[in-house]
Amino acid sequence: MKAGPGFGEFVGGSSEPLTAAEAMERAAAATGAVPGSGRLPRWLKTDIPTGDKVNGIRKTLRGLKLHTVCEEARCPNMGECWGGGKHGTATATIMIMGDTCTRGCRFCSVKTSRNPAALDANEPTNVASALAAWGLDYIVLTSVDRDDLADFGAAHFAATVREIRARAPQMMVECLTPDFQGRPELIAPVALSGLDVYAHNIETVESLQRVVRDYRANYTQSLFVLEHAKRTKPTLLTKSSIMLGVGESDAEVMQTMRDLRTAGVDIVTLGQYMRPTKRHMKVHEYVAPDRFSHWEQVGNDLGFLYTASGPLVRSSYKAGEFFITEILRKRSAAAAAAAAGADAQTSGQDLRAIAATIAIEERNKAAAGKST
């Protein structure tokens with residue numbers, strides 16, 4: 001007993017500072033979740049998507065043998081997106097070029113193969129027909145990587161957009177594309193195909209690219225894809241996404257956001273990485289909601305037209321698509337007013353002024369809702 005610890009040592013705890021890992025574990029435990037424990041923090045728990053519109057879209061998908069990322073990835077926002085949500089903008093994300101990828105990113109649950117099945121030549125028509133029948137307001141087309149194809153699927157992507165434009169000209173179209181191995185002659189045709197938003201995800205900070213993504217993807221190449229799409233068609237909105245909770249530092253996230261702005265990216269989304277299965281990369285940290293709020297403010301300060309940042313935010317995110325839709329509609333209205341010789345101050349609004357107006361309108365609506 002004489003050689004044992006005194007009372008002060010019992011109540012005082014260790015004088016040694018916690019390691020980063022220990023601090024993270026204690027913080028996660030305080031929220032009821034520890035990375036790797038299988039328990040999620042309360043802010044990541046959502047309702048199961050249901051409703052007539054959700055069931056109707058599922059039925060249409062099955063009939064046309066189409067795949068959505070919403071279902072494949074078990075997206076927590078599926079019910080809100082398909083049903084229209086509080087903004088009434090119904091959206092979905094269609095995955096084209098098959099369900100088998102030629103790459104093996106450590107965060108992704110899509111199955112992989114060096115030689116996936118051949119492309120379905122009827123897919124562009126089938127997708128466009130389905131979307132026209134649904135009456136959606138906003139559609140996101142994405143795909144697996146197809147490094148087995150001579151053009152990596154660029155022509156198929158562009159053909160699908162053109163078919164949608166022919167059958168549903170009022171629909172807003174976003175393409176979340178592969179990197180096409182950074183080849184400008186393949187990026188350009190997609191950028192010019194008639195889409196409204198060109199999206200490509202940088203996924204994570206520069207130092208973690210090889211940890212998180214397939215070796216054929218890289219930071220510089222992804223920035224080039226976004227930069228070249230904007231250079232090819234300056235009126236395009238460009239968009240990218242960053243996963244948090246994979247081991248990045250705040251300084252690295254800040255640098256990545258700055259690099260995206262330098263590349264001309266208009267819209268950025270930040271969300272929590274969620275481990276699909278035990279075979280995939282572990283979650284390093286469950287990032288608290290207040291940190292996501294911080295990054296939203298950083299995005300606004302850096303000059304992005306729109307920053308969607310939150311634990312459940314995904315690259316294709318309902319609230320963001322509403323915001324983008326409003327920007328595009330107001331820009332079209334301003335262009336029409338200019339063509340008709342309307343007031344120059346109204347018709348000459350640039351995208352940033354339009355985005356600021358929409359943001360103010362949404363804040364006023366939210367404030368009015370709280371006061372009633």
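In this predicted model, strands S8 (residues 237–244) and S9 (residues 267–272) pair in the parallel sense, with six bridges between them.

S8 itself is well covered: eight of its eight residues are buried, so the strand is largely enclosed by the rest of the structure. Buried stands for under 20% relative accessible area, exposed for over 50% and partly exposed for anything in between (1.4 Å probe, protein chains only). In a regular strand, side chains alternate between the two faces of the sheet. For S8, Leu 237, Lys 239, Ser 241 and Met 243 point one way, while Thr 238, Ser 240, Ile 242 and Leu 244 point the other way, and all are buried.

Elsewhere, Ile 94 belongs to strand S2 (residues 91–96) and is buried, at a relative accessible area of 1%.

Asp 145 is found in the loop between strand S5 (138–143) and H7, and with 15% relative accessibility it counts as buried. Neighbours within four places in sequence aside, Asp 145 is in contact (heavy atoms within 4.5 Å) with Thr 100, Cys 101, Thr 102, Arg 103, Pro 178 and Asp 179.

As for H7 (residues 154–167), its axis comes within 8 Å of that of helix H8 (residues 184–191), and the two cross at roughly 10°. Axes are lines fitted to C-alpha atoms, for helices over the stretch in contact, with angles between N-to-C directions running from 0 to 180 degrees. The two helices are therefore roughly parallel to each other, a label for angles under 35 degrees. Ala 154, Phe 157 and Ala 158 in H7 meet Leu 186, Pro 189 and Val 190 in H8.

Residues are numbered from 1 along each chain as its sequence is written. Local features need pLDDT of at least 70 and side-chain atom pairs count only at pLDDT 80 or more, whereas totals for chains, interfaces and linings use all residues, and side-chain values use heavy atoms, leaving out hydrogens and water.

Methods: Helices (H or I, at least four residues) and strands (E, at least two) are DSSP runs, numbered from the N terminus. Angles under 35 degrees count as roughly parallel, over 145 as roughly antiparallel, 65 to 115 as roughly perpendicular and the rest as oblique. Two strands pair if DSSP finds at least two bridges between them.
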